[in-house]
Amino acid sequence: MMAAKGFTNAVVTHKTTSVAGGPKLVNVTFQISEGPKIKIRRIDFVGNTAMGDGPLQRALKENKPKGVLSFITGGGTYKEDKFEEDAERVTQFYRNRGYARIRVGQPEMKTLEDTKDGKTRWVELRIPVTEGPRYRIGEFDFAGNTVLKSDALRPLFKVRAGEWYNEKDVRDGLRKAQEIYGGGGYMEFTGAPDLKYKNDGIESDADATVPEMLRAAADPINPVVDVTMRLQEGKQYFVNRIVFTGNATTRRSEEHTSELQSHLNLVCRLLLEK
């Protein structure tokens, strides 16, 4: 909790003392040394060449340098427990622009100065980034789908061979597929992209086991990623019974309920056929 408030150097200890007259009773005293509150003066991304520090810094949400509105938003305070969320935002920023192998490392803090009262420490946050190659879409296919054919699913995804890989397009297409399957009664439908990288000059573990003289000649560096959407359709569910509760004024008859049930099942089948 102290680290979440910016006191990453806080030290918490405790001691126990026996209570007289009670052999099984003790007093517990917690001793807290807050240390200086860590404030971010500036952020430096290390290793980024394709993207500038400005766009990457704007992708952050919780850990930002102190700004004009920091007294309202709480900006400027280093929130250690929120860094993973910020790192994921930077990762998505890259992946939506073709950098499918982006890696964001753990931050390093460089102390710039402490205030005279010792209550605040200004730091520079250095965030290592490994961008990797920028990939274009190669093959795009589906696996695990038996209810709907791949040709019916493909138009849901704005993914075209030769274009830069964009993970947002993949996620948006998966969300549309989930809506269609859900409308057909497949409530447990899930899916995820499986990426296979090619022609990026990065040696795979399999290549490392083959003697160099026996390896095939490497293709020219033209990074491509093949995307396979691995789907798990799950079971199909139908409405068995609909029960209205609390409808004392306009009570539904069993005939109306049965009719509504038939309509819902028909809708499920029509959506599935589409």
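I looked up D226 and found that, at 10% relative accessibility, D226 counts as buried, where buried means under 20% relative accessible area, exposed over 50% and partly exposed in between, with a 1.4 Å probe and protein chains only. I worked on a predicted model, in which local features need pLDDT of at least 70, side-chain atom pairs count only at pLDDT 80 or more, and totals for chains, interfaces and linings use all residues. Residues are numbered from 1 along each chain as its sequence is written, and side-chain values use heavy atoms, with hydrogens and water left out.

I then checked the partner: the side chains of D226 and K198 meet in a salt bridge at 3.1 Å, N to O, the term standing for a side-chain nitrogen of Lys or Arg within 4 Å of a carboxyl oxygen of Asp or Glu. Because D226 lies in strand β9 and K198 in strand β8, this pair ties together parts that are 28 residues apart in sequence; helices (H or I, at least four residues) and strands (E, at least two) are DSSP runs numbered from the N terminus.

I next turned to E167, which is buried with a relative accessible area of 4%, and noted its salt bridge to R95 at 3.8 Å, N to O. That pair links distant parts of the chain, E167 in helix α5 and R95 in helix α3, 72 residues apart.

Last, I looked at R175, which is partly exposed at 45% relative accessible area, and whose salt bridge with D172 has its closest N and O atoms 2.4 Å apart. Both residues lie in helix α5, 3 residues apart, about one turn of the helix.
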